[in-house]
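User: Hi, I have a structure open and some quick questions. Can you walk me through it?

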Amino acid sequence: MAKKILIVDDSESIRLVVGTALRAEGYEVIVGNDGQHALDLLLESGGVNLIVSDLNMPILDGISFLKEVRKLDKYKYLPFLILTTESQESKKMEAKQSGATGWIIKPFVKEKLIAVVKKVIS
Amino acid sequence: MDEMKETYIQEANELLENLESSLLSLESNPNDGSNIEQVFRVMHTLKGNSSMFGLTKIAEFVHDLETIYDKIRQNEMQLSKPILDTTLLALDHLNKIIIDSELEEEDNQLNHTNLIAQIHTFIGKSGSVEKKEDSSVETEQDVEGPITYHVMFAPDASIFLDGTNPLILVSELTGLGKNIVIPHFKAQSIEEFNPLDCITFWDVFIETDKSIDDIKDVFVFVEDSSTIVINELKYTNLVSNKEFGEYVSSYMFKEKSIDVNEINELADKVGESSVKESSKAVEVTPVKAQTEAKVTTKKEAKEKVLSSIRVSSDKLDELMNLVSELVTTQASLTLFSQKNESPELEVISENIEKLSRRLRDIAFGMTLVPINNMFSRFQRLVRDVSNSLGKEVQFVTEGGETELDKSIIETLTDPLMHIIRNSLDHGLELPETREEQNKPRKGTVKLKAFYSGISVYIQIIDDGKGIDAEIIRNKAIAKGFVSPEQELSDKEIFDFIFYPGFSTAEVVTDISGRGVGMDVVKRNITDLKGSIVVESAVGVGTTLTIKLPLSLSIIDGLLVEIAKVNYIIPLSVVNKCYEVSNSEMKGNFNKLLVLDDKQIPFINIRREFGYKQQPDEEKSQIIVVSDADRKVGISVDHIVGEYQAVVKPIGKYYKNQDFISGATILGDGSIALVMDSHKIIDLYTEHSKLETK
């Protein structure tokens, strides 16, 4: 069965790029527009294998979203990758401390993204 | 990629709009921190998007701009009028270069340079644009030949809790080159043993061309929690050395990792030339984290809401229903106003009709998405499949702007994917075969979508070897689907392809041809109330045509009367109307009428519907409807006029027929039946076939 990935980003362009790349690899992809939307989706969807989330988002930002996810028993150990830019080094560490599995630095090429995703859910 | 680029541009435009309004409210409210945050956030998103799409000139430009606001945000700089003026100028410039990202226009180029210079005066940078490191491009170190590294990887005991599997990291590491892996266990007494702890650690010797950074990359997510020591050894061929291998293997499962000095000593013994004084040790130490509170303001959330909103589908359904009711009520109003012959009332009623029509179009347009989204997904599929089959394929899409209900598009993806795979696998020939047959080396698979009537057609057209009807027929006979003496048209023969358990491929491949499939494809499409038809010519190619209903339940129709019963014919299929005398129709034996000097087949609906008596009037109306590429006349008694019909299902008692697709309530409360002209014509052609037999 195809592994399911939840992509969370407020930018439609990023959702499209990441989603297309992952779908082409055979993953099932669902997308959230912000942390809150993603959280709703997560609760409705009945489980995903990985979350890839942006940090800077309206309504519920990435770190808060991550913390919420980690509060749920079912998703306590779910692989969680954050999308970040190189200028957010401190954010990276904050995310790590809040329980992120890893990160993908923007901008990235498709191959890099897929390599990182495979690394955490293969 | 084009669709993505389009999305990028669309979003960039939205962001710039957003930025403009934020800048303007910042100008009137310079001390409001949330405005600065908003400006920064929008710039940041724009920068990220631009760099993702490789538009470095835009990304660098926005980066510099963003730096200003970052400094203001951190109170390192004061917001001033010159800054705002420049930012607004930069905004105008960005609006232009979003579609000219390579600065091909001279004006844009000049503007770009000037603005960068201005921005740099604010952030105290001089000279050319700072070259940002593109983290996606690996900077390869100068490495001459392979180097042997010793890597000690001791994951943190809690590593499993992060969702990380250390074995994957080890196997990723060993993927870099020739290697020896020595696992160790940390001793734990039975009391302190915790099954969730990771007690394994590894010594890995790896001979690779890759740089030390590549090795560090493997551990990038665990570097702060795990102990990782990477030593570069001077000797390069240790991994394949038997004596060395035996020596390090003796450490397996011991509690202690292998000492670097020992390795170097051993290497000497193994017989390499000079000893390296000391190996370069790289210890990766945990980085102290800084925490930074992130405040999401309500304002930010509100701004975002403006660009697009999510609406629950219940509300949409409710809206559709209300619009339907409105259209029905409006019909009563029109009727009433016509009876009353009051010009004022008619004007009002006509205006309401116009408005309800527009409202209807907007309401129904909301659930539709262009089919392009799905088409572009197939590009990659075609590329991969054709590569693995050794075929050369040109993939063409047409009519991507055609809109369909989102749920239909989602259900359709898999069947289409299957059909395309079939075309590539069984349809198209290998390049050599094609050349022998004087066909272009490159095969073509075309995906085409278009509207016709109240349906959407999707065609998958290939110029491959086609399907041999005779082979299908023989196989159908062999499988007992049909008796040998039965005469069948090509269309009927090709229909066997959709029978469960029917597969004609001689060789079953990974790509397609497992014999499950086409029947599922057909079922999926039938579930969507659609139909699928195959046409094929040997040596020329195959065309599959899928017909799907539009989700619209309100249609523009032509209201007609047959034996005092009202019917609606969708206006979109109506071609022309003629008046014909009944005697002409009655005395007609070949079912052809000459209209405008052309012979047109016609259906006498009165007869088909079983009305014995002739119409009262002397003349009937013939409505010529188009169906795919033919034109057929349908006879009716009267034409009442154009009518906006809210099509309602007619219930389960009538489910065994399909030439009436629904019913609608007229202004006076009576009912009109909505004809499916396509099905009526099918019915007629089948009747005529039976009669000729």
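User: Start with chain A. What share of its residues count as buried?
Analyst: Chain A has 122 residues, and 57% of them count as buried. Keep in mind that this is a predicted model.

User: How many helices and strands does chain A have?
Analyst: Chain A has 5 helices and 5 strands. Along the sequence, they follow the pattern β-α-β-α-β-α-β-α-β-α.

User: And what share of the chain A contacts join residues at least 24 apart?
Analyst: Take the contacts between residues at least 6 apart in sequence. Of those in chain A, 59% join residues at least 24 apart.

User: Now chain B. At what angle do α4(B) and α5(B) pack?
Analyst: The angle is about 150°. Helix α4(B) covers residues 81–97, and helix α5(B) covers residues 106–123. Their axes are 10 Å apart.

User: Why call them roughly antiparallel?
Analyst: Angles over 145 degrees count as roughly antiparallel. The angle here is about 150°, so α4(B) and α5(B) are roughly antiparallel to each other. The crossing of α4(B) past α5(B) is left-handed.

User: Which residues make that contact?
Analyst: From α4(B), they include Ile83(B), Leu89(B), His93(B) and Ile97(B). From α5(B), they include Asn111(B), Leu115(B), Ile119(B) and Phe122(B). The contact residues divide into 7 nonpolar, 6 polar and 1 charged.

User: How do β14(B) and β22(B) pair?
Analyst: They pair in the parallel sense, over 3 bridges. β14(B) is residues 565–570, and β22(B) is residues 671–675. Asn566(B) has Ala672(B) in β22(B) as its bridge partner.

User: What about β16(B) and β17(B)? In which sense do they run?
Analyst: They run antiparallel, joined by 4 bridges. β16(B) is residues 592–595, and β17(B) is residues 598–603. Val594(B) has Gln599(B) in β17(B) as its bridge partner.

User: What sits between those two strands?
Analyst: The hairpin has 2 residues between its strands. Asp596(B) takes a positive phi near 50° there.

User: Which way does β19(B) run next to β17(B)?
Analyst: Those two run parallel, with 2 bridges between them. β19(B) is residues 630–636. Its Ile634(B) stands opposite Ile603(B).

User: Last topic, Pro415(B). Where is it found?
Analyst: Pro415(B) is in helix α14(B), residues 406–427.

User: Is it buried or exposed?
Analyst: Buried. A residue counts as buried with 20 or more other C-beta atoms within 10 Å. Pro415(B) has 23, so Pro415(B) passes that cut-off.

User: What does Pro415(B) touch?
Analyst: Leaving out residues up to four places away in sequence, Pro415(B) touches Val521(B), Asn524(B) and Ile525(B). Pro415(B) and Val521(B) are 106 residues apart in sequence. In space they are 4.9 Å apart, C-alpha to C-alpha.

Terms used: Residues numbered from 1 in each chain as written. Chains lettered and ligands numbered in written order. Predicted model: local features only at pLDDT ≥ 70, side-chain atom pairs only at ≥ 80, totals over all residues. Axes fitted to C-alpha atoms, helices over the stretch in contact; angles between N-to-C directions. Parallel < 35°, antiparallel > 145°, perpendicular 65-115°, else oblique. Left-handed = near helix turned anticlockwise from the far one by under 90°. Contact = placed C-beta atoms within 7 Å. Nonpolar A, V, L, I, M, F, W, Y, C, P; charged D, E, K, R; others polar. Pairing = 2+ DSSP bridges. Buried ≥ 20, exposed ≤ 12 C-beta atoms within 10 Å, placed from the backbone.
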